[in-house]
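Please open the structure in your viewer and keep the sequence beside it.

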Amino acid sequence: MKHTALTISSAGIILLVGLAGHFASGAIYSSLEAREMISALSSPALYLGSAIAGSAATTLALMLTLLGLVRRADAEFDVRMYKQIYRIAVMSTVLLGGAVVMLLLMTMPIGEFDDVPENWFPMLFKVLYWIVVVLSAGLVAMVTMLFGTVRSLIAKLTPHDDV
């Protein structure tokens, strides 16, 4: 249970930082300000989206390897270990899909949209910003879940009690 609390609290901290950043940026009143904010967000978000997609795909592949290791180990593993591996695989898949969607949204030619309503750009900025924040929180949660699983695996396989 303490792994779940650690995962939720670490993701919650990232969401709180995102919320603070949202309030720190203030209200966006014009579409010109929103366009500038979107272009400022696009470049770092493209790098972050690529990193999230790469790490999620790698983690998903590593979960297959970990599953093989757990099956071949001499120790008996309980159902919780398999459920944790499954949860990490699901989280990796969701993050991979979310990162691809974010990358698609970030590559839209925002500056070329002239015939859209004025309130569209501020809404688009908020959506893009929160996609970045939620995916970042998901990545931190996935890494925390992975840490808990690896720690449980090490504790089960090592002869020492100090893990």
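**Stop one: a helix and a surface patch**

Select Leu19, which lies in helix α1 (residues 2–25); helices are DSSP runs of H or I with at least four residues, numbered from the N terminus. The model is predicted: local features need pLDDT of at least 70, side-chain atom pairs count only at pLDDT 80 or more, and totals for chains, interfaces and linings use all residues. Residues are numbered from 1 along each chain as its sequence is written, and side-chain values use heavy atoms, with hydrogens and water left out.

Leu19 is partly exposed, with a relative accessible area of 33%. Buried means under 20%, exposed over 50%, and partly exposed in between (1.4 Å probe, protein chains only).

**Stop two: aromatic rings**

Select Phe125, Tyr129 and Trp130, which ring pairs link into a cluster. Rings pair if their centres lie within 6.5 Å; planes under 30 degrees apart count as stacked, over 60 as edge-to-face and the rest as tilted. Two aromatic pairs are counted. Tyr129 and Trp130 form an edge-to-face pair, 5.6 Å centre to centre with 85 degrees between the planes. Tyr129 is buried at 15% relative accessibility, whereas Trp130 is partly exposed at 25%.

Technical notes:
Helix = DSSP H or I, 4+ residues; strand = E, 2+ residues; numbered from the N terminus. Phe/Tyr/Trp six-rings, centres within 6.5 Å; stacked < 30°, edge-to-face > 60°.
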